[in-house]
Amino acid sequence: MDKTFRAVPIAKDIYWVGAIDWTIRNFHGYATHRGTTYNAYLALGEKPILFDTVKRPHMDELLERISSVIDPKDISYIVSNHSEMDHSGSLPEVMELVKPEATFASVMGQKALAAHFGVTDGVTAVKDGERRTLGNREVLFLEARMLHWPDSMFSYLGDKKILFSNDAFGMHLASHERFADELPPAVLEYEAKKYYANILLPYSNLVTKLLERVGKSGLEFSMIAPDHGPVWRRSDDISKITGLWHAWSLQAPQKKAVVLYDTMWNSTERMARAVSEGLADGGIHTVVMSMESSHRSDVATEVLDAGAIVAGSPTLNNNMFPTMADVLTYLKGLRPRNLVGAAFGSYGWGGEAVGQVEAMLEEMKVEPAGEQVRVQYVPTQEDLARCREFGRNIAAKLVQFCETV
Amino acid sequence: MQKYVCDVCGYVYDPAVGDEDNGVAAGTAFEDIPDDWVCPVCGAAKDAFSPME
């Protein structure tokens, strides 16, 4: 019987056998507006190798795609590049079905698979830089610790010069097109940026080092095949995505500000609008994001290439507004660097929120760019003029900051 | 003795415990760990550690 789900060839004897998740919109708190794919790859040869599996609910799709070219039981080896469940969720059952000669994981991956699934038998730990001859193919294993988990690993198929990069150079984007050059460049750049901002940003120093290490290694790449989104096969596309990652990892401040706020009776919102007018007047590209209508992961995406973060919160029962605590906690964990910032907000009594936002910005190592602005109840025209001036001053500070960092 | 925290992943080196898996005996001060030792969780170099506050 004809298979509905088939393997897609990406090179001679190399197939994509993953799954397309068109409907997911919440990926552990990351808004995946365009869905995603869980990529797994099958290398046919004397000893067929499966690189990664898929999230558990999509296992049937994986197995049907494999079955379109080979009996899954003929797979000799499985490589688990990353133990997170979107790639490993099907692994225990696939191992049970396939009974491979070996399943390879990094040293930390072996521990993580045991902790997730209780899988201990049949997992062989490979060291950083270890080469294995598997049938007529050679696989080089490269540890990519904390990119983005301790167990993260890349596998390089030497005879094909294909890098199976796991989460690196990936993005959440559901599509039938398997190659980046078949998709709109603006969409790719946005989704790659969003992925970097939300997943890799805290480990930017390691990204910079990894790219330098790969550059010096002399390894050549005919393709970079990540575990989410399309495969990069054109040399200009490979240069582009690695170049973007390098630039993002350096986090050089740019003349861009993100004004984020929430509001109760529109007072803080009116202040936010006035602040943004001042920033724009000072020559800063300014994005205004209300937390009522923006997702924290979209804010992180805008912050990635910004140089300033200006946060406004009303005071609710002596505390900052809960949505602001959410987004600031999230951003703090992502550890963005090279930012200036300031806080503002309206209040009825108490007015503690603005100070709490400032304290949060300080914890995030955001350089203060101005005295806070607070308004009781409803801003007057004078108050709004003060907010505009506050924005202009932050703009001036940012322009100066961009020249010194 | 002073504990040190890995700035990359948050692992805490506790001298009282050491890192026996990687040849650092319990009771070894952070300063006395060999320079080529790396964070046992994430592989960060020794200079990525800060004294724990």
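**Entry 1: a strand pair.** I began with strands β14 (residues 153-157) and β15 (residues 162-166) of chain A, which pair in the antiparallel sense over three bridges. Helices (H or I, at least four residues) and strands (E, at least two) are DSSP runs, numbered from the N terminus, and two strands pair if DSSP finds at least two bridges between them. I looked up L157(A) and found that its bridge partner in β15(A) is I162(A).

A note on what I'm looking at: this is a predicted model, where local features need pLDDT of at least 70 and side-chain atom pairs count only at pLDDT 80 or more, while totals for chains, interfaces and linings use all residues. Residues are numbered from 1 along each chain as its sequence is written, chains are lettered from A and ligands numbered from 1 in the order in which they are written, and side-chain values use heavy atoms, with hydrogens and water left out.

**Entry 2: another sheet.** I also found an open sheet of seven strands in chain A, ordered β1-β2-β7-β8-β9-β10-β11, again with mixed pairing. Its edges are β1 (8-11) and β11 (123-126) of chain A; each has a single partner strand, so one side of each is left without a neighbour in the sheet. β1(A) runs antiparallel to strand β2 (residues 14-16) of chain A, and three bridges join them. In that pair, A11(A) stands opposite I14(A) of β2(A). I then saw helix α4 (residues 107-117) of chain A lying across β10 (102-106) and β11 of chain A, at about 110° to β10(A).

**Entry 3: two helices.** I checked how α5 (residues 185-200) and α9 (residues 296-304) of chain A pack: the angle is about 100° and their axes are 8 Å apart. That makes α5(A) roughly perpendicular to α9(A), a label for angles of 65 to 115 degrees.

Entry 4: Most residues other than glycine have a negative phi, and most peptide bonds are trans. I noted a cis peptide bond between L147(A) and H148(A), with omega about 15°. H148(A) sits in the loop between β13 (137-143) and β14 of chain A. Q251(A), not a glycine, has a positive phi of about 50°, and I placed Q251(A) in the loop between α7 (235-250) and β17 (256-261) of chain A.

**Entry 5: a salt bridge.** I looked at D128(A) and R213(A), whose side chains meet in a salt bridge (3.0 Å, N to O); the term needs a side-chain nitrogen of Lys or Arg within 4 Å of a carboxyl oxygen of Asp or Glu. D128(A) is in the loop between β11 and β12 of chain A and R213(A) in helix α6 (residues 204-217) of chain A, so the pair ties together parts 85 residues apart in sequence.

How values were computed: Axes fitted to C-alpha atoms, helices over the stretch in contact; angles between N-to-C directions. Parallel < 35°, antiparallel > 145°, perpendicular 65-115°, else oblique. Contact = heavy atoms within 4.5 Å.
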